[in-house]
Amino acid sequence: MTAPLPDRADVVIVGGGIVGVSIAYHLTKRGVRDVLLLERKQLTCGTTWHAAGLVGQLRATLNLTRLAQYTAQLYKGLEAETGQATGFLQRGSVAITDNDERLHELKRGASMAGSFGLEAHIVGPAEIQKMWPLLNMKGIKGGVVLPSDGQTNPIDTTQALAKGARNGGAKIVEGVKVTRILAEGGRAVGVATGSGEVRAKTVVLAAGLWTRDLAAAAGVSVPLHACEHFYVVTEAIPGLSPQTPVLRDPDNCVYVKEDAGKLLVGCFEPNAKPIGMERIAEDFAFGELPEDIDHFTPVLERAMERIPVLQKTGMRKFFNGPESFTPDVRYLVGEAPDMKDLFVAAGFNSIGIQSAGGAGKVIADWIVDRRAPMDLWDVDIRRMAPFQRNRRYLKDRVSESLGLLYAMHWPHRQPVTSRPVRTSPLHERMAAAGACFGETAGWERANWFAPKGVKPEYGYSWFRQNWFPHAQAEHMAVRERVGLFDQSSFGKFLLQGRDAESVMGRLCCNDVAVAPGRVVYTQWLNEHGGIEADLTVTRLAEDAYMIVTAAATQRRDFHWAKDRIPADAHAVLTDVTSAYATINLQGPRARDLLQRLSPDDLSNAGFPFGTSREIELAMALVRATRISYVGELGWELYVPTEFARGVYDALVDAGRDLGLAHCGYHALNTLRSEKAYRHWGHDIGPEDTPWQSGLGFCVKLDKKGGFIGREALAKAKPAPLTRRLVSFKLADEQPLLIHDEPIWRDGKRAGRICSGAYGYALGSAVGMGYVEHAGGVTPDLVAGSTFEIEIAGERFAAAASLKPFYDPAGQRVKA
């Protein structure tokens, strides 16, 4: 450090890798000049400097793809803007495969890219050979080309961003180590360094490998862990074209790029090597880790088979360096739920270069506007549970995470490491019943049940997986008899205090000023009318409500509500998730089963739909809530944890002659999809309003006290719905819908599927997706159009409806 350190700044950014510098650059673009970036050594010296520099654009979701596309466009014009060379080139990329399942995945990706507005082409072996003449084509079945993919020089690109940031007024100081986050009253107020303290209105942690420990010291969870990442750089290869596109060969775990007449060959191998921070030296800068030829050799040998010239070409450089990975291989951005005014941008899972532009922009926008600029749930730090910063958990999990970048992205794939962590009180009972467990937010949950003689293990495929007939049996048991679901992973909160009604009323778009004993289905909205949460609210008493939400959004929803309780309100929010097991009984025989074990009146007259009250059940007192996410008669039973096993055993014993079936989350999904019940994170989210998503019946514009988002909804209500959620049912009984399949209307792209599943009671796949039309998506337009859904490059005819295909009148839930 040559200049004195300022004692305050509007924003302090910790970390001088490409992400931190991008945040500084974008803050200045938003007019924030008082930005201070602190780097412990030199810009890029952590992991940025040794990145391969690939700028791919197709990601798993629309918004992540939009961010990657933005990054590519930013890099394309950065040299002209700043005068600093970046080395950015758009040579395209080609992904190849030698097996049919992977080819189907690639074709699905190409279809998805089309719905995202990204150019992609399915190509055969002959076209691949022309693009990559050095390839051994043996076994290759095809691939996908993305012509606009690029590559860049990571150091030069970071320096260009830094120059742009400085031009905008940001101050970048190297050689200053941040030792801790300063916090007061639950807010970040600055940082401590070896050169003194700096006070700030906002602190951003973009410190790469060092982020977890810096955050943990302040009581903030940022779950990431380093892994060793390997690549080699060859000697010059005669005749290698400088226009050679990036090659991805995921079947062999390798990526290859042309680099000044040489080839860089890197890998994302299964069974990666985690590295603890104790092995990262204090003075680590532009550092490398010890070579591990034995670990890398199996992948390199496969690469040599696919690219024979590697067998006779010398290796100029064998590289091994650290990269940070997260439990679910998605990066972490946003304001930390544990501390206000502390933002995080870290854990980029070896895709930091292609993510830095978009991540920098959204963090800058988030800081300036104090709200997320788009739906970022896939990478929102609030998706992570606090326990996930546990070092043992992380070490085991990231050994799997790294390889998942190039592993087959199977539908419903479940992690195999760091399990089990969170289990229901009924976990052992579910296992004894044949459960095959999946994981969500660390919870072990029964996804499907194997009958006797069948192993409860997944057999993955892009087509019908091994659990397909077993989920079908569970599905039909609910439609025809009664099914039992263990949903103890539900997030459960209590809001208590004399101001509970006014606080809850402000949060909910539906009217929750109801009598005690009523349950209300509602949404929480942002100021633009977008849906931030989708949940149920039960009034327990004049001064108490119970909120029930999904396991995946437990932390997000809790903090969304907590942050919006006025400081002077007499209301306290408490997370009681672990206090109650949840047993969900659904199906036309659910009343018969419960009535055998309870003296309470469960008749339709005595316990109508939307009622919630405490009942005697077996030898316990439980809260029974009559509601359904499957479209049948049913109750959610909230059982104090210590009574859960006894209640469960009594239900199973009493239900044998009624055909009671254990049911998992796959059946829950197929059932709700038939009924067109929305799922937050797929069908609805912060960019979707209740009007667009068909949830207008939950909106009470005239209720006392209003609600967050009311003004935006009131303004939008008279306008035509140019974007609207529509239900679809395929005419062909064979194909499967998952998500992001393009929707075609009268021969033109009109939207994409948000979520899909097989409708066992309907005989074909069903899904929901937003259809767009400038003149309005009216009932007449839906009824008068011809719809098709594109799956892996092939279009399939589909019926469309604004109502559910199953029980459109909704009579069964009120039976």
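A salt bridge here is a side-chain nitrogen of Lys or Arg within 4 Å of a carboxyl oxygen of Asp or Glu, and the structure holds 53 of them. This is a predicted model, in which local features need pLDDT of at least 70 and side-chain atom pairs count only at pLDDT 80 or more, while totals for chains, interfaces and linings use all residues. Residues are numbered from 1 along each chain as its sequence is written, and side-chain values use heavy atoms, with hydrogens and water left out.

View 1. Let's start with α2, which covers residues 62-82 (helices are DSSP runs of H or I with at least four residues, strands are runs of E with at least two, and both are numbered from the N terminus). Its 21 residues reach 30 Å from first C-alpha to last, close to the 30 Å expected (1.5 Å times one less than the number of residues). There's a bend of about 35° at K76, taken as the angle between axes fitted to the seven residues ending there and the seven starting there.

**View 2. What α2 packs against.** Among the buried residues of α2 are L64, L67, A68, L74, Y75 and L78, where buried means under 20% relative accessible area, exposed over 50% and partly exposed in between (1.4 Å probe, protein chains only). The buried residues of this helix pack against α1 (18-29), β3 (54-55), α5 (154-167) and α8 (352-369).

**View 3. The largest nonpolar core.** Such a core is a set of buried Ala, Val, Leu, Ile, Met, Phe, Trp, Tyr and Cys residues joined through side-chain atoms within 4.5 Å. The largest one has 46 residues, and I13, I23, L27, Y75, V204, Y331 and I363 have the most contacts inside it. α8 gives the largest share, 8 residues. Zoom in on L27 and you'll find it touching V11, I13, V32, V35, A364, I367 and V368, leaving aside residues up to four places away in sequence (contact means heavy atoms within 4.5 Å). A second, separate core of 35 residues includes L593, L594, L617 and A650.

**View 4. Two loops joined by E282 and K177.** The closest N and O atoms of this salt bridge are 2.8 Å apart. E282 sits in the loop between β16 (274-275) and α7 (293-306), and K177 in the loop between β8 (171-174) and β9 (178-184), so the pair ties together parts 105 residues apart in sequence. E282 is exposed at 52% relative accessible area, while K177 is partly exposed at 37%.

View 5. R419 and E444 meet in a salt bridge at 2.6 Å, N to O. R419 is partly exposed at 25%, whereas E444 is buried at 7%. The E632–R479 salt bridge comes in at 3.0 Å, N to O. With E632 in the loop between β31 (620-625) and β32 (634-640) and R479 in helix α11 (residues 468-480), this pair ties together parts 153 residues apart in sequence. Both E632 and R479 are buried.

**View 6. N510 in its loop.** N510 is found between α12 (500-507) and β25 (519-525), and counts as buried at 10% relative accessibility. Its side chain makes a polar contact with the side chain of K700 at 3.2 Å. That term means a pair of N or O atoms within 3.5 Å; within protein, one must be able to donate a hydrogen and the other to accept it, and residues adjacent in sequence count only if both atoms are side-chain atoms.
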